[in-house]
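Biologist: I would like a close look at one part of this model, and then at the side-chain contacts elsewhere. Please take it step by step.

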Amino acid sequence: MRQLTGPEIGILRTALEAHYDIMTIRPFTEIRIDKGFLNFVSPLSPFNVQLFEFIKAANQRGWQGELINAFLAEHPEHEEVLKLAFSLGIGSGMYQEKEEHAVADLNALEEMVNDNPFLDLAVMLKELGRIERCVCRIEVEKEIGRSWGTGFLVGPDLILTNYHVLQSFIEEPAKVKSVNCVFDYKVLPDGSTIHQGTEVHPAGSDPILAFSPYGQLDVSGSDNLQVNWPEDELDYALMKLERPIGNEPFGPQAGGTPMSPAKRGWIPVPSNDPALPQGGHVIIVQHPKGSPQKIAFGFSKSEGTDQNKMRLRYKVNTKGGSSGSPCFNEKYEWVALHNMGDPSWNPVYNQGIVAQKIIADLKTKNIDLSSS
């Protein structure tokens with residue numbers, strides 16, 4: 001990771017000075033990043049000078065990213081520090097599909113060419129920061145081999161993923177050695193990996209609260225989206241965790257302090273039935289091939305749903321291991337559970353289960369995610 005510039009140090013110092021004093025800064029640094037504040041500053045200097053010295057020490061020793069991440073854990077809506085974090089690559093990796101045709105006429109950039117709204121940068125950074133902490137890599141270790149998928153919190157101790165990600169655990173649990181949900185697995189631009197050890201396991205001997213298997217069309221694919229997708233084939237599994245990690249403080253060395261009520265949180269159920277128009281935006285947070293977390297943007301890449309709103313299709317990049325990822329619209333509402341890609345040799349779509357169908361099916365099983 002590159003070092004902070006002078007103005008960036010100023011941004012971070014101002015943020016710290018606005019939220020801490022000489023008494024509260026010490027438990028913050030000791031608990032969040034395991035660094036003694038007074039070990040890096042002159043004890044007789046004014047507090048603002050001490051903050052400058054502490055940030056400078058972090059910058060020189062290479063843990064400036066930990067400090068920024070720790071601050072955002074307690075103040076996740078601080079826009080200036082959010083922008084700083086993303087400029088350093090501390091947020092999730094991002095990639096977007098390449099445009100097939102470049103715009104030759106620069107004057108055309110001034111015109112609206114579709115009905116999609118602009119995305120506000122500050123809102124995007126805040127919402128992605130909120131979402132990424134709720135998404136985990138799921139590791140299933142079997143007697144022979146290991147597989148990966150993606151899952152996400154929909155309650156303090158509830159993980160939602162695909163049925164096919166946990167199929168062996170559901171159908172033949174004796175042949176599964178372990179299931180691990182690993183949060184905060186990221187990589188920085190310099191190639192170093194942040195793996196904070198936030199690993200959580202299923203609760204007890206029977207943690208699967210509800211599920212719905214996948215259908216044959218989820219395996220074979222269908223050129224025609226407008227087919228009869230069975231109501232009881234939704235390819236999801238809801239699993240209870242051993243502890244409510246969604247209620248725990250979020251961040252490096254998260255231990256919580258009296259002045260830090262910020263929690264990891266979970267993905268809420270949309271209050272209304274979100275619109276899923278053709279040509280809309282789709283954002284997918286995922287762990288492709290079990291790798292550190294990535295975010296794929298599909299601006300105007302939604303292909304809409306079938307007439308019964310069972311499946312949503314989109315041209316947004318995913319790979320094996322992305323199964324179970326949450327899909328969001330431009331309002332950052334959860335709209336689908338990614339479960340498959342076009343199986344043909346020349347794939348043209350990816351596909352997810354519409355979130356409202358999963359929510360409705362869970363209610364028939366006496367599970368109401370809106371009350372989480």
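Is cysteine 136 buried or exposed, and what is its relative accessible area?

Modeller: This is a predicted model, and what follows should be read with that in mind. Cysteine 136 is buried, and its relative accessible area is 0%. Cysteine 136 takes part in no disulfide. Its nearest cysteine sulfur belongs to cysteine 181 and lies 4.4 Å away, whereas a disulfide needs the two sulfur atoms within 2.5 Å. A disulfide is a covalent bond between the sulfur atoms of two cysteines. Searching the whole structure turns up zero disulfides. Cysteine 327 is another buried residue, with a relative accessible area of 0%.

Next come the charged side chains. The count of salt bridges comes to twelve. One of them involves arginine 137, whose side chain meets that of glutamate 139 with an N to O distance of 2.2 Å. Both glutamate 139 and arginine 137 are buried.

Another salt bridge joins the side chains of arginine 2 and glutamate 8, at 2.7 Å from N to O. Here glutamate 8 counts as buried, because its relative accessibility is 12% and the limit for buried is under 20%. Arginine 2, with a relative accessible area of 37%, is partly exposed.

A further salt bridge links glutamate 172 and lysine 175, with 3.2 Å between N and O. Lysine 175 is partly exposed, with a relative accessible area of 43%. Glutamate 172 also counts as partly exposed, at 42% relative accessibility.

Key. Residues numbered from 1 in each chain as written. Predicted model: local features only at pLDDT ≥ 70, side-chain atom pairs only at ≥ 80, totals over all residues. Heavy atoms only, no water. Salt bridge = Lys/Arg side-chain N within 4 Å of Asp/Glu carboxyl O. Buried < 20%, exposed > 50% of the residue type's maximum accessible area, 1.4 Å probe, protein only.
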